[in-house]
Amino acid sequence: MSTRRPLYIPRRQIIRGLMATAAFGATSKLWTGCSSAPPETQASSGGTASPVADKPIVIGFIYNAPKDDYGWNQAQAKGAAAIAAIPGIKIVEQESVPETKEVQEVMRNMIDQNGATVIVPTSFGYFDPHVLAVAKDYPEVQFFHSGTLWKEGLPKNVGSYFALIDEGQYLAGRIAAQTTKTGKLGFVGAKPINPVLRNINSFILGARSVKPDLKVQVIFTGDWSLPVKEAEATNSLADQGVDVVGVHVDSPKVVIETAEKRGIFSSGLHSDQSALAPKGYLTGTMYNWATIHKKYVELLKSGKTLMNGGIPHQVIGGLKEDYISLATFGPAVSEAAKKDDEATKAKIVDGSVVVYKGAIKDNTGAVKIPAGTSYKVTDAAPTQINWLAEGVIGKVS
């Protein structure tokens with residue numbers, strides 16, 4: 001165990017890493033067989049998280065920005081709030097913690113001072129080296145990182161969970177296609193890296209499945225949180241005649257609000273941003289972290305752990321697992337589009353509609369997924385996407 005010492009933890013907002021490229025391990029199928037019946041009360045031993053009669057399981061959640069950012073962190077905090085009311089569970093939280101050694105101090109403080117036996121570090125950059133370093137010092141504490149970075153050979157008390165949003169973006173693209181009046185779509189992205197490229201491509205693939213000639217103009221801001229550049233990019237797209245803007249940055253707030261001021265439509269990400277744009281917000285792909293956290297709690301309360309093999313080390317899924325969904329529909333979304341969304345969603349869940357089904361070309365005309373080939377979003381192939389799909393106006397470098 002590490003040496004305990006008094007800590008000073010500054011609370012400052014630094015928004016950085018968002019998502020890893022997806023690596024694939026166990027999916028939500030590994031939850032099968034988890035009992036929903038209340039577990040028998042038992043004393044904890046050997047570092048398990050099972051509660052004693054008068055002692056709750058303390059779970060620490062750590063965020064790299066404010067919990068009300070209308071983005072990634074708000075979605076994570078909503079997941080934490082969903083389990084806070086469960087008997088036998090106590091939640092402690094720290095927001096605006098940077099991806100530096102400071103997060104190690106926060107984790108140690110939660111364990112030493114708050115009695116946390118479970119830590120949920122929600123930002124990508126917390127994982128290596130910070131989570132791994134603290135996990136080695138506290139082998140009886142379980143660490144559930146929000147990402148896909150877990151792999152064989154890491155400490156047994158470390159696991160990962162993640163939700164893939166490609167299918168949600170495909171649905172959002174279909175809604176955009178049925179709403180646009182100018183026929184011009186836009187997208188504000190942070191960086192041309194795999195997770196962002198997948199979401200742009202899914203958006204245009206969904207849109208072109210409705211209107212094959214649609215195009216989407218992409219502007220990359222260069223980083224995860226650059227509010228001035230996000231506003232400039234949205235205004236630039238509006239000036240070019242774009243009337244539906246998608247987004248992938250840490251907090252879509254600026255993009256959604258700017259689109260509303262310009263009188264154009266928007267499609268969000270991470271959380272529900274409908275309150276920010278009562279006229280122009282269409283919908284957005286939203287994380288349902290509560291689905292995963294509630295299952296973790298069920299397992300924890302029954303005495304299962306990462307260390308004893310009762311909890312899978314990698315949990316990943318999409319629409320079928322209810323790890324993602326679409327957010328509130330805005331007033332501009334037609335009843336026909338809503339019905340189409342429900343029908344298409346059902347086909348994605350039953351496998352009859354696949355986002356990555358060939359032939360798919362990139363925007364230079366090269367075939368990237370041949371005809372007759374298709375990939376699930378949980379397959380390895382989509383993690384190698386480093387190109388923009390046909391119909392996207394923009395460059396990856």
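**Close-up views of a predicted model**

**View 1. Strands S8 and S9 run side by side, pairing in the parallel sense over three bridges.** Please keep in mind that this and every other view shows a predicted model. Within this pairing, Gly-246 stands opposite Ser-267 in S9. S8 also has a parallel partner in strand S6 (residues 184-189), with five bridges between S6 and S8. Here you can find Gly-189, whose bridge partner in S8 is His-248.

**View 2. Strand S8 (residues 244-248) has cover on both faces.** In a regular strand, side chains alternate between the two faces of the sheet. One side of S8 carries Val-244, Gly-246 and His-248, the other Val-245 and Val-247, and all of these residues are buried. Why is S8 described as largely enclosed by the rest of the structure? Because five of its five residues are buried.

**View 3. Six strands make an open sheet with parallel pairing.** Reading across, the order is S2-S1-S3-S4-S5-S11. At the edges sit strand S2 (89-94) and strand S11 (314-317), each of which pairs on one side only. On average, neighbouring strands of this sheet are turned by 15° against each other, with direction ignored. Strand S1 (residues 57-62) pairs with S2 in the parallel sense over six bridges. A handy place to look is Phe-61, which stands opposite Glu-93 in S2. Helix H2 (residues 101-112) packs on the sheet and touches S1, S2, strand S3 (118-121) and strand S4 (142-146). The direction of H2 makes about 165° with that of S1.

**View 4. Lys-101 is a residue of helix H2.** Is Lys-101 buried or exposed? Its relative accessible area is 62%, so Lys-101 counts as exposed, the cut-off being over 50%. Between Lys-101 and Ala-133 there is a separation of 32 residues in sequence, while their C-alpha atoms are 9.9 Å apart in space.

**View 5. Helix H8 (residues 289-301) lies across six strands of the sheet: S1, S2, S3, S4, strand S5 (158-163) and S11.** H8 runs at about 150° to S5. From its first C-alpha to its last, this helix of 13 residues reaches 18 Å, close to the 18 Å expected at 1.5 Å a residue. H8 is mostly covered, with ten of its 13 residues buried. Among them are Trp-289, Ile-292, His-293, Tyr-296, Leu-299, Leu-300 and Lys-301. Just after H8 comes Gly-303, with a positive phi of about 90°.

**View 6. Helix H1 (residues 72-84) packs with H8 at an angle of about 35°.** Two packed helices are described by the angle between their axes and the distance between the axes. For H1 and H8, the axes are 8 Å apart, and H1 passes H8 in a right-handed crossing. On the H1 side, the contact is made by Trp-72, Ala-75, Gln-76, Gly-79, Ala-80, Ala-82 and Ile-83. H8 contributes Trp-289, Ala-290, His-293, Lys-294 and Val-297. Of these H8 residues, Trp-289, Ala-290, His-293 and Val-297 are buried.

**View 7. A cis peptide bond joins Asp-128 and Pro-129, and another cis peptide bond joins Gly-358 and Ala-359.** Most peptide bonds are trans. Omega is about 15° for the bond between Asp-128 and Pro-129, and Pro-129 is found in helix H3 (residues 127-137). For Gly-358 and Ala-359, omega is about 10°. Look for Ala-359 in the loop between strand S13 (356-357) and strand S14 (360-361).

**View 8. His-270 has a positive phi without being a glycine, as does Asp-322.** Most residues other than glycine have a negative phi. Phi of His-270 is near 75°; this residue lies in strand S9 (residues 265-270). With a relative accessible area of 0%, His-270 is buried. Asp-322 has a phi of about 65° and sits in the loop between S11 and strand S12 (324-326). How exposed is Asp-322? Asp-322 is partly exposed, at a relative accessible area of 39%.

**View 9. Stepping back, the protein has nine helices and 17 strands.** Buried residues make up 55% of its 397 residues. Among contacts between residues at least 6 apart in sequence, 72% join residues at least 24 apart. The accessible surface comes to about 16,100 Å², and 51% of it belongs to carbon and sulfur atoms.

Definitions and conventions. Residues are numbered from 1 along each chain as its sequence is written. This is a predicted model: local features need pLDDT of at least 70, side-chain atom pairs count only at pLDDT 80 or more; totals for chains, interfaces and linings use all residues. Side-chain values use heavy atoms; hydrogens and water are left out. Two strands pair if DSSP finds at least two bridges between them. Helices (H or I, at least four residues) and strands (E, at least two) are DSSP runs, numbered from the N terminus. Axes are lines fitted to C-alpha atoms, for helices over the stretch in contact, and angles run from 0 to 180 degrees between N-to-C directions. Contact means heavy atoms within 4.5 Å. The expected span of a helix is 1.5 Å times one less than its number of residues. Buried means under 20% relative accessible area, exposed over 50%, partly exposed in between (1.4 Å probe, protein chains only). Accessible areas come from the Shrake-Rupley method with a 1.4 Å probe; for residues, only the protein chains shown count as cover. A crossing is left-handed if the near helix is turned anticlockwise from the far one by less than a right angle, and right-handed if clockwise.
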